[in-house]
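Student: I would like to learn how to read the side-chain features of a protein model. Could we work through one together?

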Amino acid sequence: MQSLALIENWPVPTAAAAVVRADGTVAGTRGPTGQRFALASVTKPLAAYAALVAYEEGAIELDEPAGPEGSTVRHLLAHTSGLAFDEHQVAAAPGTRRLYSNAGFEVLGDHIAKATEIPFADYLRQAVLEPLGMSSTFLDGGASPAKDGVSTVDDLVRFAAEVQQPRLLDARTVAEAMSVAHPGLKGVLPGYGHQNPNDWGLGFEIRDGKSPHWTGSSSSPRTFGHFGQAGTFLWVDPDAGAACVALTDRAFGPWAVEVWPTFTDAVLAEL
């Protein structure tokens, strides 16, 4: 795909990208796809997928209590538990605001570890990474399931293929995760300001009509995924029948706000 060559013009030391179709075939790659990069918050979709495996295994229920009083696993996954961004403090009542929360995913990791009697990093490896052959993806023991993952484009292509055609989970569970949880809530999309509504599924952000946004102007409203402060992103556009992964080694900033949407539009146009 010629559109992937656009990453060579990004103002970053290193970048790698790939597009994978819904049938699992790789449409194109660019850059060092086997190089490990810090994921930052692109760790969250991986952690969320592990949580959904735990749910299907019967270790947890989505609507069981977890986190602050009145909060559930579903609230934690959907950033509606009321926990603050990076502090384990309650800033709102559960279900009333979309407060993007690293702390919420850390509480979620602890909850799953207690329920399964397996440290969360080990559970993630056993439930998601090893079955998908993601041998270069790591979350060290004691690291945050919100932001401390390390991976490669090659590994995330496997994950993006799984999300589009699930093998580890029932397709209905994945469909629920990609549907808006607690619709109509306002909130801040980090790096892009207030959004009303600020729609999320279970561990995945949903594009809907958000503006500004890190995906493209031609991205369908059903597009879902995540970006990270490490200059990383993963989106899946069901209407286009494809997903895209891009990893860099420069922190998210104005450069990403400028180049990511143009890149995504070029990819979608070529598909």
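**Reading contacts and burial**

Tutor: Start with R74: its relative accessibility is 17%, so R74 counts as buried, the cut-off being under 20%. Keep in mind that this is a predicted model.

Student: Which residue forms a salt bridge with R74, and how far apart are the closest N and O atoms?

Tutor: The partner is E176, with the closest N and O atoms 2.7 Å apart. E176 belongs to helix 6 (residues 171-177) and R74 to helix 2 (residues 73-77), so this pair ties together parts that are 102 residues apart in sequence. E176 is partly exposed, at a relative accessible area of 32%. R74 and E176 are also linked with D63 in a network of salt bridges.

Student: How many salt bridges does the count come to?

Tutor: The count comes to 10 salt bridges. One of them joins E8 and R30, whose closest N and O atoms are 2.7 Å apart. E8 sits in the segment before strand 1 and R30 in strand 2 (residues 26-30), so parts 22 residues apart in sequence are tied together by the pair. With 53% relative accessibility E8 counts as exposed, while R30, at 27%, counts as partly exposed.

Student: Are K210 and E205 buried or exposed?

Tutor: Both are buried. K210 and E205 form a salt bridge, and 2.8 Å separates the closest N and O atoms.

Student: Let us turn to rings. How many aromatic pairs does a search of the whole structure find?

Tutor: It finds 16 aromatic pairs. To read one, take the distance between ring centres together with the angle between the planes; an angle over 60 degrees counts as edge-to-face. W10 and F263 are such an edge-to-face pair, at 5.1 Å centre to centre and 75° between the planes. W10 lies in the segment before strand 1 (15-21) and F263 in helix 7 (residues 254-270), so the pair ties together parts that are 253 residues apart in sequence.

Student: What is the relative accessibility of W10, and what is that of F263?

Tutor: W10 has 6% relative accessibility and counts as buried. F263 has 1% and counts as buried. Next, consider F233 and W260: their ring centres are 5.0 Å apart and their planes at 70°, so this pair is edge-to-face. F233 is in strand 9 (residues 232-237) and W260 in helix 7, and the two residues, 27 apart, link distant parts of the chain. Both F233 and W260 are buried.

Student: Which residues form the aromatic cluster?

Tutor: One cluster is formed by W10, Y192, W214, F227, F233, F252, W255, W260 and F263.

Student: Where does K44 lie relative to the ring of F105?

Tutor: K44 lies over the face of F105, and its distance from the ring centre is 6.0 Å.

Student: How is a helix read, for example helix 1?

Tutor: Compare its end-to-end reach with the expected span, then look at burial. Helix 1 (residues 43-56) has 14 residues and reaches 20 Å from first C-alpha to last, close to the 20 Å expected at 1.5 Å a residue. Of its 14 residues, 12 are buried, and the helix is mostly covered. Among the buried residues are K44, Y49 and L52. G58 follows helix 1, and its phi is positive, near 85°.

Student: How many residues of helix 4 are buried, and where do they fall around the axis?

Tutor: In helix 4 (residues 120-129), 7 of the 10 residues are buried, so it is largely enclosed by the rest of the structure. These are F120, A121, Y123, L124, A127, V128 and L129. Viewed down the axis of helix 4, the buried residues fall within an arc of 160°, so they line one face of the helix. They pack against helix 1, helix 3 (102-116) and helix 5 (153-164).

Student: To finish with a loop, which residues does P94 touch?

Tutor: P94 is in the loop between helix 2 and helix 3. Leaving out residues up to four places away in sequence, P94 touches E69, G70, S71, H75, T80 and S81. P94 is partly exposed, with a relative accessible area of 23%.

Technical notes: Residues numbered from 1 in each chain as written. Predicted model: local features only at pLDDT ≥ 70, side-chain atom pairs only at ≥ 80, totals over all residues. Heavy atoms only, no water. Phe/Tyr/Trp six-rings, centres within 6.5 Å; stacked < 30°, edge-to-face > 60°. Helix = DSSP H or I, 4+ residues; strand = E, 2+ residues; numbered from the N terminus. Buried < 20%, exposed > 50% of the residue type's maximum accessible area, 1.4 Å probe, protein only. Lys NZ or Arg CZ within 6 Å of the ring centre and 35° of its normal. Expected span 1.5 Å × (residues − 1). Arc of directions from axis to C-beta. Contact = heavy atoms within 4.5 Å. Salt bridge = Lys/Arg side-chain N within 4 Å of Asp/Glu carboxyl O.
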